[in-house]
Amino acid sequence: MSAQPDHTPAPAAPYAPAPGAAAELLAQLRADRRAEQWVPAFERDWAKALEDARHAFSLTPLHEVVRTWQLRVAAAPDVDAFMDSGQDDCDFVDLDDVLGGRS
């Protein structure tokens with residue numbers, strides 16, 4: 001008899017946002033200077049995730065929308081700092097030039 005389990009444990013799922021996280025996030029988006037663009041985009045993402053969740057019987061699509069938007073909000077100050085720095089971001093290098101032609 002082996003001491004090893006006969007099954008593979010399920011991989012850990014990403015954290016589930018708090019029940020009120022979406023409402024708090026929406027309030028934060030409405031208070032942001034980008035509210036005119038961000039609120040409709042969040043609401044569109046949320047509506048699609050809600051429909052996907054209904055069909056899949058899973059809250060995962062809703063959790064993904066909250067996590068994605070939390071990351072966007074968290075990154076906004078860094079993006080603002082970059083844009084305000086006056087650095088030119090239009091001079092880029094094509095990834096194919098760096099990696100060479102891929103076959």
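Trainee: Which residues of α3 are buried?

Mentor: In this predicted model, the buried ones in α3 are Pro 61, Leu 62, Val 65, Val 66, Arg 67, Trp 69, Val 73, Ala 76 and Asp 80. Buried here means under 20% relative accessible area. Part of what covers these residues is α1 (21-31) and α2 (35-56). Across the whole chain of 103 residues, 22% count as buried.

Trainee: Where does α3 bend, and by how much?

Mentor: At Ala 76, by about 40°. That angle is taken between axes fitted to the seven residues ending there and the seven starting there. A proline, Pro 77, follows within four residues. After the helix comes Gly 86, with a positive phi near 80°.

Trainee: Why are α1 and α2 called roughly antiparallel?

Mentor: Their axes cross at roughly 155° and come within 8 Å. Angles over 145 degrees count as roughly antiparallel, so α1 and α2 get that label.

Trainee: Which residues meet where α1 and α2 touch?

Mentor: From α1, you've got Ala 22, Leu 25, Leu 26, Leu 29 and Arg 30; they meet Ala 35, Trp 38, Val 39, Phe 42, Glu 43 and Trp 46 of α2. By class, that's nine nonpolar, two charged and no polar residues.

Methods: Residues are numbered from 1 along each chain as its sequence is written. This is a predicted model: local features need pLDDT of at least 70, side-chain atom pairs count only at pLDDT 80 or more; totals for chains, interfaces and linings use all residues. Side-chain values use heavy atoms; hydrogens and water are left out. Helices (H or I, at least four residues) and strands (E, at least two) are DSSP runs, numbered from the N terminus. Buried means under 20% relative accessible area, exposed over 50%, partly exposed in between (1.4 Å probe, protein chains only). Contact means heavy atoms within 4.5 Å. Axes are lines fitted to C-alpha atoms, for helices over the stretch in contact, and angles run from 0 to 180 degrees between N-to-C directions. Angles under 35 degrees count as roughly parallel, over 145 as roughly antiparallel, 65 to 115 as roughly perpendicular and the rest as oblique. Ala, Val, Leu, Ile, Met, Phe, Trp, Tyr, Cys and Pro count as nonpolar, Asp, Glu, Lys and Arg as charged, and the others, Gly among them, as polar.
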